[in-house]
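I am opening a notebook on this structure, and I want to set down what I looked up and in what order.

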Amino acid sequence: MVGKQADDTLLEADTLIIGSGYGGAVAAMRLANGMVDGPGGDPIPGVVVLERGREYSLGEFPYDMEDLPSHFRMLRPGKKPGGYPDALFHLHVGADNADPNASTEDQEKGRDKAAADVLVGSGLGGTSLINANVAEQPEPHVFRKTAWPREFRDAPDLLATAFAKVAEHIGVTTHTAAAGGEFPKYSALQRLGRALGHPARPATIAVTTLAETTLAATTTASRSTAQYAGQGVDTCTNKVGVQQSPCTNCGNCVTGCNVGAKNTLDRNLLRLAKSRGAEFYTGATVESIEPVSPQASDSDRSYRWKVIVRPTVKPAEKPRTNPDDPVVYDTYCILARQVILAAGALGSTEILLRSQQSGQLQLSATLGEKFSTNGDGVIMSYGQQQRVGAIAQAEQKAPVAAVGPTITGIIRTGKLTIEEASIPAALGRLFCELVTTSAMLQRISKRKLPPLLKDSGCDPLAASREVADHCQALLVMGDDGANGQLSLQGNSSTLNIAFPHGNISDNSALTEANRLLRAQDREAGLDGGQYAPNPLWQLLPPEATGVLSGSMPVRRVLTVHPLGGCAMADDVSGGVVNHRGQVFRRDGEVYDGLYVMDGAIIPTALEVNPFLTIAALAWRNVEFIRNSATDAGCQQVDPEYADLGEVPHRQRSASQPTRFVIQEQLTGQLDRLTPAFTRLLHGQNPQRLLEKNGLVVQIRAQHDNAETWLDNPGAVPLRATLQLYVNPLPLEQRELYGTGGVHPARLSDLQPFITLDGSFRVFAEDPYDCMADVLGFFSALKAYRRRRAQTRWLPPGTVKDLLRNPVKTLMKLWTAACTFINIAVLQSRFRRLSYMFGDATSAVTNPGRKSHWLQPGYQAHVGRPAQPRCQSHRTGRRRLCRKPACECRAAAGAGPVGSHAVRPPAAEPAVCRRVGGLCGARAVRHQFLGIRWAGLSGCAARAT
């Protein structure tokens, strides 16, 4: 754009393709024909491709969590986007939808809200850069749905030839085993398939491997004699002549393949299009499309379309008189004879919506409708008996273990697709937290632990990598009804994703998947593991929602397969384009030279990964544009485009473990002095220890490997020291600072009069048995009755329901009662901080433990008399408890510091609102079932 001014014409083209995903890549490859004659006889490019993102080379995709922020962008309706404009991942946050069919009780409690978020890829190659490259054809019944145009309903195999052609050019194979044997995650899927009665089979994926299981469609690929990375492994030459490295089975397909084994579009179709003369421009964002005015100059009359475009990164803003007005950027234009929209379901729909909003196009009233999430869902299992190995390796060139491609197997149940998945290394820790949290919350209704947790001794509340290696991630697809709607919110250009006609979180696909997988909970299908749904979709088990009070968070569905928005139909009343992808005018005719060829034109959910169908539709529709039926262009790329370059070797220096230190300072006073204790002071004034805050306690705990400790913090002790000092501050300053403590710099100049070495165990679980659970249940029951301040145990309307449908009502009451008992039992189980300090020379020991059972309104105090806050027996309001016989029992701790811990009665069950990690870098899971986990000490003394 050097030398160009705003509104200038950047270039002219015969065919302008917006987007480089599957539809755009197919169109570019098949239509590219070098230079053609322009209006004045000057040559112009035959095909120009615009891409919003940037081009990626080997090694530029994210490797770990530290890389992800620079590759991420979030877009929310009505708010300023966050992240990088040309980021690899674009997350579109959907609007909250109220289910019109929800019950009155759910509406009052805010449990009728749901939202659908969409994750898409941006870069040269589109979503192929970040998908799992599963090349599956939909079942014939999908094309017989009434939403499809008549041509597809009458001939469900209409795309058979196109499917074969696309598979041949992209290259598909099956890959379920490596040198060490079958991938564990595929074996786990086979066990699930046998239990469901629908056997698992290898998925057809677009990945280059050295296995001998390649399909007939890829037999044209040849083996090269070149050596791969000096490891003695042959490279492969694909259908179009590009050399690719074989899959290393690292499992990082969905964050970008850094070894070049994934058959993304920039390795095949786009390179062939470039060799045939297509021109590519990255970093270009299209604002709108408008027809060329009939009053344009003679040189422009042969161009039908003007495309308004701006730079993706740092575009210049035009001045605004009102700060609340939408941002308008300096733009340029591109003239073209025909335009093909292939920017994806969101991108193409958004461009047409903006074009219609500006009054340049008169399109179908159905624009933005029939949007589908393809029934996408994520389901997990927790703690299977056998290793699953679903977390990918951080090093991609030479991984330590063979995980396999992201997806290697598939189960088809008729209208539901289930696929196993690997979690990229960059999201490995997040997966550990997610599956552990989900499993913990689901145990509200069934507290039995998977056998693996009982046998291994692993903490079920710790996000352990050892346990996560026995967890499985499953991807689900099905029919969601395609009742979503895309729109522009007011004057904003931000896309709004809504489902106004129903609750997207309760679509038939997710409901059926939940039914099938929940039946395998701790059964053979999940190898004894626990069923763990996505907590963003189902935070608590259904049995608990009727027992717990409080509103629920918005249920969220994340899709990576957005479809629709510019749906195909027989006429303008039913869709935006016809079966050829031509855009309807409002009067029913079609715009000459304007097409849509991507997932936006698919009118229903495909119930399977959609990329092969999108590419096949584009392959078919290009036949109606081309002048010849045969492919006259070159079949092999130019030699300069055949080599992808050397595969980089990149591993962060993570060999050194992370050492962490927890330090806390407490102040207090002694009740009395003993002669033995006085001798330890070595001449210091002992009376100061009897004064307010005259004693300073410095506690320091540490561990040499944070990962090891976080995997099981309740069992792994921390090395700790406890040092006692005489407070060096005068009494006046101690009164002024209160419990603020002493600055560490002042203490560093002093010598402690006692130093004790010992250990901490944080979150150590108290042993429990059947009798402890029974006593805990009655304690919780008593507290529930007292805090409810009433004796009504049944929900309103129960008597009427019993008379109307006694069997169903009794079953519902029985389920609620069992859930309540389970919650009450869990209330009686809590964790403790246990410690032991000692010194053999001085014969001083200081053992003790503290309960992690602190709630809002309850406090533990150190160095002063305990004043626990409790519930009033009469009014239910909180007040200071001054009666020693109160249910809030103060337990005096041992040691020189007078510490008091408070254990309140069991709390009323409440919905978990905040779920975090465990400790330190991951804040403890707190306020779960009325339990609020304290910090390291859980005291009122201020930590320095």
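**Ground rules.** I am working from a predicted model, in which local features need pLDDT of at least 70 and side-chain atom pairs count only at pLDDT 80 or more, while totals for chains, interfaces and linings use all residues. Residues are numbered from 1 along each chain as its sequence is written, and side-chain values use heavy atoms, with hydrogens and water left out.

**Positive phi.** I began with the backbone, keeping in mind that most residues other than glycine have a negative phi. Asn133 is not a glycine, yet its phi is positive, at about 55°. I located Asn133 in the loop between strand 9 (113–121) and helix 3 (140–143); helices (H or I, at least four residues) and strands (E, at least two) are DSSP runs, numbered from the N terminus. Asn133 has 1% relative accessibility and therefore counts as buried, where buried means under 20% relative accessible area, exposed over 50%, and partly exposed in between, with a 1.4 Å probe and protein chains only. I found a positive phi of about 60° at Arg522, also not a glycine, in the loop between helix 12 (508–518) and strand 26 (530–533). Arg522 is buried as well, with a relative accessible area of 11%.

**Lys262.** Next I asked which residues Lys262 is in contact with, leaving aside its neighbours within four places in sequence. Among them are Ser128, Asn133, Cys253 and Cys257, contact meaning heavy atoms within 4.5 Å. Lys262 lies in the loop between strand 15 (243–244) and helix 7 (269–275), and it is buried because its relative accessible area is 2%. Ser128 is 134 residues away along the chain, but I noted 9.0 Å between the two C-alpha atoms. A polar atom of the Lys262 side chain lies 3.2 Å from the backbone oxygen of Ser128.

**Helix 5.** I then looked at helix 5 (residues 160–170), where Ala162, Phe163, Val166, Ala167, His169 and Ile170 are buried. Seen down the helix axis, these buried residues fall within an arc of 170°, so they line one face of helix 5; the arc is that of the directions from the axis to the C-beta atoms. They pack against helix 1 (22–31), helix 3, helix 7 and helix 14 (611–622). After helix 5 comes Gly171, with a positive phi near 90°.

**Salt bridges.** How many salt bridges does the structure hold? I noted 30, a salt bridge being a side-chain nitrogen of Lys or Arg within 4 Å of a carboxyl oxygen of Asp or Glu. One of them pairs Arg150 with Asp154, the closest N and O atoms being 4.0 Å apart, and both residues lie in helix 4 (residues 150–154), about one turn of the helix apart. Arg150 is partly exposed at 44% relative accessibility, whereas Asp154 is exposed at 56%.

Lys185 forms a salt bridge with Glu420, at 2.4 Å between the closest N and O atoms. This pair links distant parts of the chain, with Lys185 in helix 6 (residues 184–196) and Glu420 in strand 22 (residues 416–421), 235 residues apart. Lys185 is buried at 1% relative accessibility, and Glu420 is buried at 0%.

The last pair I looked up was Arg831 and Asp459, whose side chains meet at 2.8 Å, N to O. Arg831 is in strand 34 (residues 831–839) and Asp459 is in the loop between helix 10 (451–456) and helix 11 (465–468), so the pair ties together parts 372 residues apart in sequence. Both Arg831 and Asp459 are buried.

Conventions. Polar contact = N/O pair within 3.5 Å; in protein donor to acceptor, adjacent residues only side chain to side chain.
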